[in-house]
Amino acid sequence: LKRAIAEDEQALKSANKELKQFGSVGKQEAMATAKQFEETGKKIQKVGKKISDVGQGLTTHVTAPIVAVGGASLAAFNEVDAAYDTVIKKTGATGQAAQGLYDIVDNLATSIPTDFDTAANAVGEVNTRFGLTGDELETLSEQFIKFAKLNDTDVTSSIDSVQKALGAYGLDADHADTLLNRLNKTGQETGVSVDTLTSGLIQNGTAFQEMGLNIYQS
């Protein structure tokens, strides 16, 4: 474009020079000069249109996507920031402990089909209720996220009810994975929701155990 503009500027200067001599030349020369001036004007118009098209292209294909990416980045930042706040509110962790929880949230939110908010709630609840950290925390949090998604339940309430059901039978986090699988299986076989099943375990745990039933039989 720069080269084309420079050429047209030179042509325009030449045309202007010849235009000044327009009155002192014959008819044929005058017509030739006028034709050259017309062609130069057309070239300048074309260059101008090219510049305009480039400007529009920059706006459509560069500026707009940059704005869109910027907006998406801000939304993503806010989502992550809110997730970290959730973790801190649920656990009270600070320093290195908090960073370890953030890392687990990041891993979950970017490796399985879930969002940062769900991952943060799962990590915060599992850490608080079961006292797990590190790989054990990440593994059980992932299991609860998948459990909640499969059964269309809230991950926080799922963790709460399962932990209470385990507590009713005097069991800890080591049995959580097995219980989640058993709840899924029983719910699918009977059509009874997992919320109803866990509520039954919590409310009737003592009676079932007096009958000699463990949590899985119950």
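Axes here are lines fitted to C-alpha atoms, for helices over the stretch in contact, and angles run from 0 to 180 degrees between N-to-C directions. Helices (H or I, at least four residues) and strands (E, at least two) are DSSP runs, numbered from the N terminus.

This is a predicted model, in which local features need pLDDT of at least 70 and side-chain atom pairs count only at pLDDT 80 or more, while totals for chains, interfaces and linings use all residues. Residues are numbered from 1 along each chain as its sequence is written, and side-chain values use heavy atoms, with hydrogens and water left out.

Start with the whole protein chain. There are eight helices and zero strands, giving the pattern α-α-α-α-α-α-α-α along the sequence.

Next, select residues 134-151, helix α5, and residues 155-168, helix α6. Their axes come within 9 Å and cross at roughly 110°. The two helices are therefore roughly perpendicular to each other (65 to 115 degrees).

Now show the side chains where the pair is in contact (heavy atoms within 4.5 Å). On α5, pick F144, I145, F147 and A148; on α6, the partners are V155, S158, I159 and V162. Seven residues of this contact are nonpolar (Ala, Val, Leu, Ile, Met, Phe, Trp, Tyr, Cys and Pro), one is polar (the others, Gly among them) and none is charged (Asp, Glu, Lys and Arg).

Among contacts between residues at least 6 apart in sequence, 60% join residues at least 24 apart.

Note on methods:
Angles under 35 degrees count as roughly parallel, over 145 as roughly antiparallel, 65 to 115 as roughly perpendicular and the rest as oblique.
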